[in-house]
Amino acid sequence: MSQENPAIRLHDFHGGLVLAPHKAVSLEVPLASAGLAERVYVPIGQHQGQAGELLVAPGDRVLAGQALTASDDDFEVPAHAPCSGTVAGLCERPASHPPGSRRRCIEILADGRDEWVAPIPLSDWAQRRPAEIVDHLHAMGLVGLGGAMFPTAAKLRGPWGAIHTLILNGAECEPWISCDETLMRSRPEAVIRGGRILAAAVAAERVIIALEDDMEGLAATLGKAVAEQDSGPAMAIVEVPAVYPQGGERQLIETLTGLQVPSNGLPQDIGLLCHNVATAAAACDAVEHGRPLTERIVTVTGPGVQRPCNLRAAVGTPIAHLIAAAGGYREEVTRLVLGGPMSGTALASDEVIVTKGSHCVLALTDRELAPGPEPMPCINCGDCVAACPASLMPQLLFRALAADRHEQARELSLLECIECGCCADVCPSHIPLVDYYRHGKARLRLSDLDHRRAALARRRFEAREQRLTRQQAERKARRRARAERLQKTEVAQDEIQAAIARAKAKKRTGD
Ligand code: SF4
Ligand code: SF4
């Protein structure tokens, strides 16, 4: 397949920061396997959305790749066993998100044999209908691997118009995280072939693969993989400036196209679809090799680990196991973060497990966490406004939330905040702005959920009333029809009797 090389004119997005990358430390060593932990804990609802129907019970022997849950709903993504072993039972394990929460998991005692179910590739996928490809990706447990874990099938199949362009997001912009770059360097052909598959799933005409301009030599590596393809949509590899948060979906789309995704809208509304490069590679594994999504690459890094690196880790592996595979802690480690330093979540313990969305474990020490100055009042300097890539007014959001005026914060587009942390990073008053936004968004979502539940209950009540009325009317109509039939039958009987009487009379006369 030819590599399209159109002059894609790059655009700037508002705000953003140039940050020290700190990636070389984990990129220096080759990708390795974390190995299997003795026990893995596969979250039943590890993706965004509901859990599917449970297919296994305690004591069952399972093979790697075996479905543990099932569902036909695009938002309920099946979970699969990452190893062979025995189901020890259901348990609750600490989860990274929301902080301090626990998730229901299937505990599997690994047997170390690494026995797999027979793979089920989607043969002749290029000749299939898009819906067949989407169904297969759903059955293989695909979710977005960029961190959000949004069900891939639900992102591919929706009530929008034609998608003309698929963007593969390899702009891994947050400091320290290097799992996507590692993937693109180690499996460029899987990323490109997966891009073709995802494009076929929405009938997109072209694919843009975006990476940052400081990823040395990677554009050429991917270009070679594109050149090896003999068919498929036009593909362009584009280097974008290494500015944080360039990898944010909306920011990347604006950089590549100059278009802004409508507020409260989706990229699909303007004919674009954005997937992480790791999701593309997982699509290739699922479709061409019939392998469900049971592992991912995790960057284990920071001044607090002995050997920063990128590891292939099974979903359900405790983070303590990854730390051990990276040589263990350095003595002075004081905080673990899931994700990067700007948008990551502090972990309460290393018992938290790897999910499909775990891209980085960052171990920090006292040096990075030296207590900063106490927060001071906002001085209205506007630095946060200049830095905000979502073009929000962070200081007004802060004031509204500090005063518990959540609906006012909603009107100020709080829900558009991507929690990138740029505003807090530049704030001279050291206000922990993102903490306010996270808390405020959680409050709004809870209140929305309550409203949705109330609306659902009302709709159900109204539907029941309508059903009862309809059934009553149907019963009446049936009774009426029966009475009419009966009446007609009686009339017919009378006519028959009369005919018989006439015939008898005629016979008598004839006698
Ligand atoms: S940067 Fe900090 S002090 Fe300046 S306006 Fe924003 S919140 Fe206020
Ligand atoms: S955290 Fe939210 S408000 Fe602050 S800069 Fe990022 S998008 Fe803007």
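**A chat about the fold and the ligand**

A: Helix 4 (residues 179-186) lies across strand 12, strand 13 and strand 16 (360-365), and runs at about 125° to strand 12. Helices (H or I, at least four residues) and strands (E, at least two) are DSSP runs numbered from the N terminus. The angle, on a scale from 0 to 180 degrees, is between N-to-C directions of axes fitted to C-alpha atoms, for helices over the stretch in contact, and contact means C-beta atoms, placed from the backbone, within 7 Å.

Q: What kind of model is it, and how are things numbered?
A: This is a predicted model: local features need pLDDT of at least 70, side-chain atom pairs count only at pLDDT 80 or more, and totals for chains, interfaces and linings use all residues. Residues are numbered from 1 along each chain as its sequence is written, while chains are lettered from A and ligands numbered from 1 in the order written.

Q: What order do the strands take in the open sheet of 6 strands?
A: The order is 1-13-12-16-14-15, with mixed pairing; strands pair if DSSP finds at least two bridges between them. Strand 1 (32-33) and strand 15 (345-347) are the edge strands, each pairing on one side only.

Q: How many bridges pair strand 12 with strand 13?
A: There are 6, in the antiparallel sense, and Val298 stands opposite Leu311 in strand 13.

Q: Switching topic, how many residues surround ligand 1?
A: 14, with Cys378, Cys381, Cys384, Gln395 and Cys427 the closest. Helix 11 gives the most to that shell, 3 residues.

Definitions and conventions. Near = placed C-beta within 6 Å. Contact = placed C-beta atoms within 7 Å.
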